[in-house]
Amino acid sequence: MLRSRSNTLIGVKRVTQQSSGRMTAGIDGERALTPKERGLLATEIHRSSKPWKARPVKRVFIPKSNEPAPS
């Protein structure tokens, strides 16, 4: 979700404006309620997120009725 700037902004809006826990301070004891603070929070989150890499898929061979199973 944090690959694009618009998704980061939507995520910050959900947490700071639409969530029922928006008035509760986080682990750092701060709340981002002003538009300027929300913008700074979105910028910080977007910069600190690392690109996501897909994990390799495990290959499972399914034996067929007309083929011998691989060894």
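User: Where is the place of Thr-16 in this chain?

Analyst: In this predicted model, Thr-16 sits in helix H1, which runs over residues 5–18.

User: Why is Thr-16 called buried?

Analyst: The relative accessible area of Thr-16 is 8%, and the cut-off for buried is under 20%, so Thr-16 is classed as buried.

User: How do you know that the span of H1 agrees with its number of residues?

Analyst: With 14 residues at 1.5 Å a residue, H1 should span 20 Å, and because its end C-alpha atoms are 19 Å apart, the two values agree.

User: Which residues of H1 are buried, and what makes them lie on the same side of the helix?

Analyst: The buried residues in H1 are Thr-8, Gly-11, Val-12 and Thr-16. They cover an arc of only 110° around the axis, and therefore they fall on the same side of H1. In general, an α-helix has 3.6 residues a turn, so residues three or four places apart point the same way.

User: What covers the buried residues of H1?

Analyst: The cover includes helix H2, residues 35–48; the protein chain has 2 helices and 0 strands.

User: How much of the protein chain counts as buried?

Analyst: Of its 71 residues, 10% count as buried.

How values were computed: Residues numbered from 1 in each chain as written. Predicted model: local features only at pLDDT ≥ 70, side-chain atom pairs only at ≥ 80, totals over all residues. Heavy atoms only, no water. Helix = DSSP H or I, 4+ residues; strand = E, 2+ residues; numbered from the N terminus. Buried < 20%, exposed > 50% of the residue type's maximum accessible area, 1.4 Å probe, protein only. Expected span 1.5 Å × (residues − 1). Arc of directions from axis to C-beta. Contact = heavy atoms within 4.5 Å.
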